Amino acid sequence: MAKRVLVVEDNELNLKLFCDLLRAHDFAVEPVRDGREAIEKARGFAPNLIVMDIQLPHVSGLELIEQIKADAALGVTPIMAVTAYAGREDEDRIRAAGADAYVSKPISVARFVEEVSGLL
């Protein structure tokens, strides 16, 4: 059975890129464009990994990571943050919120796939 990856990303081009890359590596993918739907979608999809953009409208990816990690059912799910925030302090802040991995945009395709594989 294919591993399931929930992708939370509001930018259509990035969402398509991430989903296409994951599907090309035989993952089942559930795209989420609106962060306000991420928790509910995650509960229904039961992902093996969550790929989370940090800069989202309406709710920040940091808040979502904290909520997911505090959730009894979802808290053990690894989260890979993908963000344009590329400073060392940004990575520290994102990891402190609970992200298990961090990839800065623009992404390296090889690094993206390597990080996903490492978390699964």
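## Two helices side by side

The axes of helix 3 (residues 61-70) and helix 4 (residues 88-97) come within 8 Å and cross at roughly 30 degrees. Angles under 35 degrees count as roughly parallel, so helix 3 is roughly parallel to helix 4. This description comes from a predicted model. Two numbers are used because packed helices are described by the angle between their axes and the distance between the axes.

Which residues make the contact between helix 3 and helix 4? Helix 3 brings Leu62, Ile65, Glu66 and Lys69. Helix 4 brings Arg93, Ile94 and Ala97. Sorted by kind, the residues of this contact are 4 nonpolar, no polar and 3 charged.

Where is empty space left inside a protein? Rolling a probe the size of a water molecule over the atoms shows this. In this model the count comes to 1 cavity of 30 Å³ or more. The largest cavity has a volume of about 30 Å³.

The lining of the largest cavity consists of Leu21, Leu22, His25, Phe27, Phe112, Val113 and Val116. Helix 1 (12-24) and helix 5 (109-119) each supply at least two residues of this lining. Which helix gives the most? Helix 5 does, with 3 residues. The lining divides into 6 nonpolar residues, 1 polar and no charged.

## Two backbone angles to check

Most residues other than glycine have a negative phi, and most peptide bonds are trans. Asp26 has a phi near 65 degrees, a positive value in a residue other than glycine. Find Asp26 in the loop between helix 1 and strand 2 (28-32). Is Asp26 buried or exposed? Its relative accessible area is 63%. Exposed means over 50%, so Asp26 is exposed.

His58 also has a positive phi, near 80 degrees, and is a residue other than glycine. The loop between strand 3 and helix 3 holds His58. His58 counts as exposed, because its relative accessibility is 60%.

## A cis bond and a contact across loops

Turn next to Pro106. A cis peptide bond joins Lys105 and Pro106, with omega about -5 degrees. Pro106 sits in the loop between strand 5 (101-104) and helix 5.

Ala86 is in another loop, between strand 4 (79-83) and helix 4. How far apart are the C-alpha atoms of Ala86 and Pro106? They are separated by 9.7 Å, and the two residues are 20 residues apart along the chain. Leaving aside its neighbours within four places in sequence, Ala86 is in contact with Tyr102 and Ser104. Ala86 counts as exposed, because its relative accessibility is 53%.

## An alanine in a further loop

Ala46 lies in the loop between helix 2 (38-45) and strand 3 (49-53). Is Ala46 buried, exposed or partly exposed? Its relative accessibility is 38%. Buried means under 20% and exposed means over 50%, with partly exposed in between. Therefore Ala46 counts as partly exposed.

Now take a distance from Ala46. The C-alpha atoms of Ala46 and Arg33 are separated by 17 Å. Along the chain, Ala46 and Arg33 are 13 residues apart.

Technical notes. Residues numbered from 1 in each chain as written. Predicted model: local features only at pLDDT ≥ 70, side-chain atom pairs only at ≥ 80, totals over all residues. Heavy atoms only, no water. 1 Å grid on protein atoms, 1.4 Å probe; cavity = no way out; pocket = protein on both sides within 12 Å on 5 of 7 lines; lining within 4 Å. Points joined across faces, edges and corners; volume = space filled by probe spheres on them. Helix = DSSP H or I, 4+ residues; strand = E, 2+ residues; numbered from the N terminus. Nonpolar A, V, L, I, M, F, W, Y, C, P; charged D, E, K, R; others polar. Axes fitted to C-alpha atoms, helices over the stretch in contact; angles between N-to-C directions. Parallel < 35°, antiparallel > 145°, perpendicular 65-115°, else oblique. Contact = heavy atoms within 4.5 Å. Buried < 20%, exposed > 50% of the residue type's maximum accessible area, 1.4 Å probe, protein only.
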